[in-house]
Amino acid sequence: LSMTQYRMGKFAEAIAKLKLPPDSAVHYEEGEPASGILAGARELSIELLIAGALEKKAIHRQFLGDVARRLVREAACSVMLFTHPELEPKPFRHVVFLAEYSEHGQCALRRTLQLAEKENCERLYVIRNYTSFDKARAARRKKGGKGNARTLEEEEIALQEFILAAGSTAIPIEARCIRGNTGFAASNFVQAVEANLLVLPLETKPEGTPKLSSRIAWITDVIPCNLWIVR
């Protein structure tokens with residue numbers, strides 16, 4: 001068999017195992033995996049990449065593998081990563097959404113609600129990370145300084161308003177401001193509520209690879225559960 005025939009045979013086996021349509025299109029690139037996936041996604045104008053997280057385990061942490069890390073950072077489309085891919089899907093009972101106050105963030109929340117409703121989600125947690133630096137900036141603002149930093153109470157109100165703007169839903173929603181100086185506080189919360197899916201809105205900028213805000217930059221290293229990057 002030629003290499004092409006061998007590859008197509010392996011793809012056919014995988015498609016049959018996944019119970020996908022036999023005529024599912026197959027596209028592959030030569031070279032380094034992450035670069036090939038990103039190039040193929042651009043060429044085909046893919047809207048959603050689904051992959052295994054390929055994580056590396058450490059004590060109490062799961063770290064993204066090199067391929068998954070590049071997909072999170074560099075893909076121009078949405079990305080969904082599964083920490084433990086299985087043939088039989090498990091429902092997303094607990095979902096955590098990390099709020100970003102923007103038009104894109106609001107759109108991502110609505111999309112998350114649509115998914116949560118179809119999954120019969122038991123609870124959706126909408127969270128924001130609140131640090132001691134936020135608290136200090138808010139204190140300076142109250143003393144007449146510049147800026148628009150919020151107090152914890154103001155942040156909690158802003159989060160509630162952000163949720164209400166998404167519209168009505170039958171899904172139980174819980175708003176939480178997570179206090180901690182690093183993003184790992186959010187990661188710990190995701191694990192504590194036994195979340196099945198973490199959703200992060202990430203707006204792709206015209207200049208290319210987006211720079212992650214400090215509130216969500218940790219996700220390029222640690223993956224506490226299945227992950228959906230909404231672009």
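This is a predicted model: local features need pLDDT of at least 70, side-chain atom pairs count only at pLDDT 80 or more; totals for chains, interfaces and linings use all residues.
**Sheet**

I started with the strand order. The sheet is open and has seven strands, running E1-E4-E9-E8-E5-E6-E7 with mixed pairing. I then looked up which strands stand at the edges. They are E1 (48–52) and E7 (173–179); each has a single partner strand, so one side of each is left without a neighbour in the sheet.

E8 (residues 197–201) and E9 (residues 226–230) run parallel and are joined by five bridges. In that pair, I find Pro201 opposite Val230 of E9.

I also checked what H7 (residues 184–192) touches. This helix packs on the sheet, in contact with E5 (94–98), E6 (123–130), E7 and E8. Its direction makes about 140° with that of E7.

**H2 against H3**

Two packed helices are described by the angle between their axes and the distance between the axes, so I took both. For H2 (residues 33–43) and H3 (residues 66–74), the axes come within 9 Å and cross at roughly 35°. I logged the crossing as right-handed.

Which residues meet here? From H2 I have Pro33, Ala34, Ser35, Ile37 and Leu38; from H3, Val67, Arg70, Leu71 and Glu74. By class, the residues of this contact are six nonpolar, one polar and two charged.

**Largest pocket**

Last, I went to the largest pocket, with a volume of about 1,900 Å³. I get 44 lining residues, and those nearest the centre are Leu18, Leu20, Ile50, Ala51 and Gly52. Where does the lining come from? H1 (3–17), H2, E1 and H3 each supply at least two residues. So the helix pair from my previous entry turns up again here, as does the edge strand E1. Sorted by class, the lining has 28 nonpolar, nine polar and seven charged residues.

Note on methods. Residues are numbered from 1 along each chain as its sequence is written. Side-chain values use heavy atoms; hydrogens and water are left out. Axes are lines fitted to C-alpha atoms, for helices over the stretch in contact, and angles run from 0 to 180 degrees between N-to-C directions. Helices (H or I, at least four residues) and strands (E, at least two) are DSSP runs, numbered from the N terminus. A crossing is left-handed if the near helix is turned anticlockwise from the far one by less than a right angle, and right-handed if clockwise. Contact means heavy atoms within 4.5 Å. Ala, Val, Leu, Ile, Met, Phe, Trp, Tyr, Cys and Pro count as nonpolar, Asp, Glu, Lys and Arg as charged, and the others, Gly among them, as polar. Two strands pair if DSSP finds at least two bridges between them. On a 1 Å grid over the protein atoms alone, a cavity is a set of points where a 1.4 Å probe fits but cannot get out, and a pocket is an open set with protein on both sides within 12 Å along at least five of seven lines; lining residues have an atom within 4 Å of a point. Grid points are joined across faces, edges and corners, and a volume is the space filled by probe spheres set on the points.
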